Amino acid sequence: MRHSTPLGPQGPRGSEPRTAWQALAARPGRFARTVWPWRAVGYLASGAVTGAVTLLVLLVLAGFSLLLVGLPLLLLTGVALGGLERRRLRLVDREPAVDPHRLPEAPGLAAWLRLRVREQATWRELAYAVLHATVLWPLDLAVLAVGLGLPAALLGVPFQLAADGHEAKVVKTFLVTSFPQALAVALLGLALLPLLLYPLTALAGARAALARALLAPREAELRGRIGEVTASRARLAAAFEAERRRIERDLHDGAQQRLVALTMTLGLARYDAPPGPLADQLARAHEEAGRVLAELRELIHGIHPQVLADYGLAAALADAADRSAVPVETSGIDEALPRLPAAVESAAYFAAREALANIGRHSGAARARITARHTGDVLHVGIEDDGRGGADPARGSGLTGLADRLAVLDGTLTITSPPGGPTLLRAEIPCSALSESSWPRTASSSARD
């Protein structure tokens with residue numbers, strides 16, 4: 001379930017301002033007494049420094065580019081400056097600017113360069129570097145000169161008059177010849193300082209907004225990155241499922257068969273041995289081997305039950321209900337439930353099994369009920385009990401792990417459990433039904449083949 005938080009000029013209601021613009025709008029009366037004006041001053045001053053350095057670097061590389069040596073370095077100057085500018089944005093914008101670049105698929109400098117040349121973000125960063133070196137940093141200096149330099153010059157007039165002894169020129173416009181005039185000019189500078197911090201901060205916010213527009217990822221780039229993450233997550237889920245099936249197959253075909261042979265051998269030796277201590281030891285060994293075999297079968301069933309692979313989710317949920325310590329009603333399971341992707345069936349099955357285990361251990365319920373249906377390309381599985389309620393995922397009942405497992409498949413886990421009950425656990429996983437030709441091959445079908 002998603003919740004929306006109303007936004008105001010301070011961002012989320014009741015929180016601190018996120019940007020310099022939000023701070024201006026939220027606290028106009030006492031804005032000058034906050035730290036935001038000086039953050040804006042730091043942003044503009046550091047921008048003037050980085051701009052001057054960038055201009056020098058671009059001029060040097062432009063000269064080398066005449067020999068085709070500085071072209072790659074000229075391109076990468078924008079990448080380096082972009083990373084620095086995204087960090088500098090934190091001075092006037094607390095929201096981190098995401099790096100728009102992707103990671104190369106292959107290691108090495110050549111693969112990195114090929115990817116950077118093909119990315120739009122690289123060329124936007126180069127354009128920003130040129131703009132920063134030619135226009136933005138002189139603008140930063142001009143804003144600082146007016147916002148801080150003018151009040152500082154007015155405040156320094158009494159000191160100029162005292163040093164000269166006769167007169168002082170105020171910002172090279174008019175002369176002051178007496179100390180009362182000099183003090184009046186200094187008071188004017190003192191009054192102008194907090195007033196000029198408002199437009200200075202507003203211009204710093206506009207400067208940061210321009211930098212974010214050029215250096216942060218665009219919507220299309222974010223959509224592409226989300227698509228890559230989704231595909232990678234699906235591959236990880238499929239790989240995890242395949243590895244679990246491999247472990248199940250190795251245990252079923254290897255260790256279990258050897259234990260069966262060992263149990264049979266011990267049984268034959270037990271009946272062939274004459275009565276006495278040896279026969280008793282063989283009997284105990286035979287019984288222990290039988291218990292180990294039963295535990296191994298339960299372990300294999302827990303890794304991936306064969307009924308789920310052979311007959312699908314509906315049969316597997318009915319089997320889990322039969323094994324439950326609490327009586328479970330299964331009339332809500334759709335018997336015509338289609339075969340679904342293996343990862344989806346496995347996640348839904350283990351969610352139901354974990355819920356039934358929690359009911360048996362913690363709820364004190366007398367009965368439970370399972371429902372399962374597939375409608376509109378969404379699998380809905382619900383488990384309800386009449387227990388005491390109060391289920392809390394934060395107490396480590398395994399529900400958090402189930403939610404994470406469903407989230408890998410873009411699924412959701414909803415828990416309704418008021419004190420006193422009842423408790424309803426609802427899992428929803430988006431998925432499409434498989435065609436009959438796409439059904440998973442099982443061990444029994446392979447044996448028939």
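This is a predicted model: local features need pLDDT of at least 70, side-chain atom pairs count only at pLDDT 80 or more; totals for chains, interfaces and linings use all residues.
## Salt bridges at R18 and E95

The structure contains 11 salt bridges. One of them joins R18 to E95, with 2.9 Å between the closest N and O atoms. R18 sits in the loop between β2 (11-12) and α1 (20-26), while E95 sits in the loop between α3 (71-88) and α4 (109-118), so the pair ties together parts that are 77 residues apart in sequence.

R18 has a relative accessibility of 30% and counts as partly exposed. E95 also counts as partly exposed, at 37% relative accessibility. R18 and E95 belong to a network of salt bridges that also includes D93 and R212.

## Two further salt bridges

R116 and E119 form a salt bridge in which the closest N and O atoms are 3.1 Å apart. Both of these residues, R116 and E119, are buried. For that label, the relative accessible area has to be under 20%.

Another salt bridge is made by the side chains of E329 and R369, with an N to O distance of 3.6 Å. E329 is part of strand β5 (residues 328-333) and R369 is part of strand β6 (residues 368-375), so this pair ties together parts that are 40 residues apart in sequence. E329 counts as partly exposed because its relative accessibility is 30%. R369 has a relative accessibility of 33%, so R369 counts as partly exposed.

## Helices α11 and α12

Two packed helices are described by the angle between their axes and the distance between the axes. Helix α11 covers residues 313-323 and helix α12 covers residues 342-363; their axes come within 10 Å and cross at roughly 15°. Angles under 35 degrees count as roughly parallel. The helices α11 and α12 are therefore roughly parallel to each other. The crossing of α11 and α12 is right-handed.

V49, V53 and V57 make a nonpolar surface patch of about 230 Å². One of these residues, V53, lies in helix α2, which covers residues 36-65. The relative accessible area of V53 is 48%, and V53 is partly exposed. Residues in such a patch need over 30% relative accessible area and no salt bridge.

D377 has a positive phi, near 60°, and is a residue other than glycine. This aspartate is found in the loop between β6 and β7 (378-385). The relative accessibility of D377 is 44%, so D377 counts as partly exposed.

G290 is located in helix α9, which covers residues 277-303. With a relative accessible area of 29%, G290 is partly exposed.

Key
Residues are numbered from 1 along each chain as its sequence is written. Side-chain values use heavy atoms; hydrogens and water are left out. Patches are made of residues with over 30% relative accessible area and no salt bridge: like charges are joined within 9 Å, nonpolar side chains (Val, Leu, Ile, Met, Phe, Trp, Tyr) within 5 Å. Accessible areas come from the Shrake-Rupley method with a 1.4 Å probe; for residues, only the protein chains shown count as cover. A salt bridge is a side-chain nitrogen of Lys or Arg within 4 Å of a carboxyl oxygen of Asp or Glu. Helices (H or I, at least four residues) and strands (E, at least two) are DSSP runs, numbered from the N terminus. Buried means under 20% relative accessible area, exposed over 50%, partly exposed in between (1.4 Å probe, protein chains only). Axes are lines fitted to C-alpha atoms, for helices over the stretch in contact, and angles run from 0 to 180 degrees between N-to-C directions. Angles under 35 degrees count as roughly parallel, over 145 as roughly antiparallel, 65 to 115 as roughly perpendicular and the rest as oblique. A crossing is left-handed if the near helix is turned anticlockwise from the far one by less than a right angle, and right-handed if clockwise.
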